[in-house]
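Here is a short briefing for someone meeting this structure for the first time. Please keep the sequence and the model in view while reading.

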Amino acid sequence: MFRLAIFLLLFPVAALAGPIEPVPATVAVLYNSSIPESKQLAETYAEARSIPAANLVGLALSGNEEITREEYNKTLRTPLAAEFDNRKWWARSKNPEGNLAPTLMRVRIVACMRGVPSRISREADTPAPKEGAPPYSVANEASVDSELAFLALDGLPLNGPLNNPYYNKDEPFLKFATPILLVGRIDGPTFEVCKRMIKDAVET
């Protein structure tokens with residue numbers, strides 16, 4: 001499975017499994033603190049969905065849709081993992097391979113607001129695929145949301161596809177034991193459109 005496809009496959013499978021209404025306290029709302037409208041959108045979404053204000057996370061991010069892997073790690077992945085640590089949204093310890101992995105997850109959903117970059121570019125020094133191997137076997141470009149799904153796990157390979165452990169499961173995501181996050185996004189052509197999407201969804 002392509003790295004880009006991991007996040008996209010979560011939603012239809014979850015729907016087939018019989019969704020469970022998430023507890024608002026299990027949802028983190030991520031916004032770009034460098035863009036005031038992104039924070040306003042996060043506050044609008046949290047209020048509409050009764051998500052505690054303490055679950056909002058603002059990070060100073062690039063205003064570009066696409067960022068490098070270095071930018072992703074430095075400005076998004078590492079600071080967000082630190083927020084999970086500091087707010088005790090998870091408990092992690094080293095697994096037999098020596099990498100951090102969660103033993104408990106209190107927040108299972110991350111809602112990214114417009115303003116949070118959506119793509120990670122391919123690294124310039126990406127090796128060529130081996131003879132006969134498909135191009136995606138060395139791919140390291142990805143969607144931000146698919147990478148955040150595996151935020152809790154360290155030591156994952158960078159090049160090549162990652163399997164989605166929730167794919168083809170028939171149990172509700174929030175009861176699924178594997179430590180991955182369900183990542184979604186409120187995005188659209190403008191912030192006003194995004195606000196209307198939130199409002200319309202609640203009214204519906």
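Arg49 counts as partly exposed, with a relative accessibility of 38%; buried means under 20% relative accessible area, exposed over 50%, and partly exposed in between (1.4 Å probe, protein chains only). The model is a predicted one, in which local features need pLDDT of at least 70 and side-chain atom pairs count only at pLDDT 80 or more, while totals for chains, interfaces and linings use all residues. Residues are numbered from 1 along each chain as its sequence is written, and side-chain values use heavy atoms, with hydrogens and water left out.

**Arg49 and its loop**

- Arg49 lies in the loop between α2 and β2; helices (H or I, at least four residues) and strands (E, at least two) are DSSP runs, numbered from the N terminus.
- Apart from neighbours within four places in sequence, Arg49 is in contact with Pro24, Ala201 and Val202, where contact means heavy atoms within 4.5 Å.
- Arg49 and Ile198 are 149 residues apart in sequence, yet their C-alpha atoms are 9.1 Å apart in space.
- Ser50 also has its place in the loop between α2 and β2.
- Ser50 has a positive phi, near 60°, although this residue is not a glycine.
- The relative accessibility of Ser50 is 54%, so Ser50 counts as exposed.

**Confidence**

- The mean pLDDT of the protein chain is 87, and 89% of its residues reach 70 or more; pLDDT is the predictor's confidence in each residue, from 0 to 100.
- Residues 1-17 have a pLDDT below 50, and this stretch has 56 contacts in the model beyond near neighbours in sequence.
- Where pLDDT is low, the predicted coordinates should not be read in detail.

**The chain as a whole**

- The protein chain holds five helices and nine strands.
- Along the sequence, these elements follow the pattern α-β-α-β-β-α-β-β-β-β-β-α-β-α.
- Of the 204 residues in the protein chain, 44% count as buried.
- Among contacts in the protein chain with a separation of 6 or more, 74% are between residues 24 or more positions apart.
- The protein chain exposes about 10700 Å², of which carbon and sulfur atoms supply 54%; accessible areas come from the Shrake-Rupley method with a 1.4 Å probe, and for residues only the protein chains shown count as cover.

**The four-stranded sheet**

- Four strands form an open sheet in the order β2-β1-β6-β9, with parallel pairing; two strands pair if DSSP finds at least two bridges between them.
- β2 (56-59) and β9 (182-186) are at the edges with a single partner strand each, so one side of each has no neighbour in the sheet.
- On average, neighbouring strands of this sheet are turned by 25° against each other, direction ignored; axes are lines fitted to C-alpha atoms, for helices over the stretch in contact, and angles run from 0 to 180 degrees between N-to-C directions.
- Four bridges link β1 (residues 27-32) with β6 (residues 109-113) in the parallel sense.
- Val27 stands opposite Ile109 in β6.
- Helix α2 (residues 36-48) lies across β1, β2, β6 and β9 and runs at about 160° to β1.
- Helix α3 (residues 69-86) lies across β1, β2 and β6, at about 145° to β2.

- Lys88 is found in the loop between α3 and β4.
- The phi of Lys88 is near 55°, a positive value in a residue other than glycine.
- Lys88 counts as exposed, at 58% relative accessibility.
- β4 (residues 90-94) and β5 (residues 100-105) run antiparallel and are joined by five bridges.
- Arg92 has Pro102 as its bridge partner in β5.
- Five residues separate β4 and β5 in this hairpin, and Gly98 in the turn has a positive phi of about 90°.

**The three-stranded sheet**

- A further open sheet has three strands in the order β3-β7-β8, with mixed pairing.
- Its edge strands, β3 (66-67) and β8 (142-143), each pair on one side only.
- β7 (residues 119-120) runs antiparallel to β8 and is joined to it by two bridges.
- The bridge partner of Ile120 in β8 is Ala142.

**Cysteines**

- A search of the whole structure finds zero disulfides, a disulfide being a pair of cysteine sulfur atoms within 2.5 Å.
- Cys112 is buried, with a relative accessible area of 0%.
- Cys194 is buried, with a relative accessible area of 0%.
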